[in-house]
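The stops below are given in the order in which to select them.

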Amino acid sequence: THFLSACFLCRRRLIPGRDIYMYRGDTAFCSLECRQYQMNHDERREKYALPSKNDAGAVGETVAAV
């Protein structure tokens with residue numbers, strides 16, 4: 001339960017008995033604001049991520065089932 005000891009974003013200590021806000025399974029946050037900031041950050045990163053080498057050939061390709 002090491003991931004429940006501090007907020008992933010601001011590193012504030014998470015206090016037993018108080019609300020803990022989880023994201024993506026094992027990422028704990030001290031507040032809705034910290035969790036939302038991380039969610040927005042991840043969304044921007046995924047939206048503007050460069051395509052991987054595996055994705056490069058798939059752009060504009062049409063695949064037909066045989």
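Is Q38 buried or exposed? Select Q38, which lies in helix α1; at 9% relative accessibility, Q38 counts as buried. Buried means under 20% relative accessible area, exposed over 50%, and partly exposed in between, with a 1.4 Å probe and protein chains only. This is a predicted model, in which local features need pLDDT of at least 70 and side-chain atom pairs count only at pLDDT 80 or more, while totals for chains, interfaces and linings use all residues. Residues are numbered from 1 along each chain as its sequence is written, and side-chain values use heavy atoms, with hydrogens and water left out.

Next, show what surrounds Q38. Apart from its neighbours within four places in sequence, Q38 is in contact (heavy atoms within 4.5 Å) with F8, L9, Y23 and F29.

Now select the whole of α1, residues 32–47. Helices (H or I, at least four residues) and strands (E, at least two) are DSSP runs, numbered from the N terminus. Colour C34, Q38 and D42, which are buried in α1. They cover an arc of only 70° around the axis, so they sit on the same side of α1; the arc is that of the directions from the helix axis to the C-beta atoms. The cover over the buried residues of α1 includes β1 and β2 (27–29). Turn to the other side of α1 to find E33, Y37, E43 and K47, which are exposed.

Finally, select F3, in the segment before β1 (21–23). At 39% relative accessibility, F3 counts as partly exposed.

Conventions:
Expected span 1.5 Å × (residues − 1).
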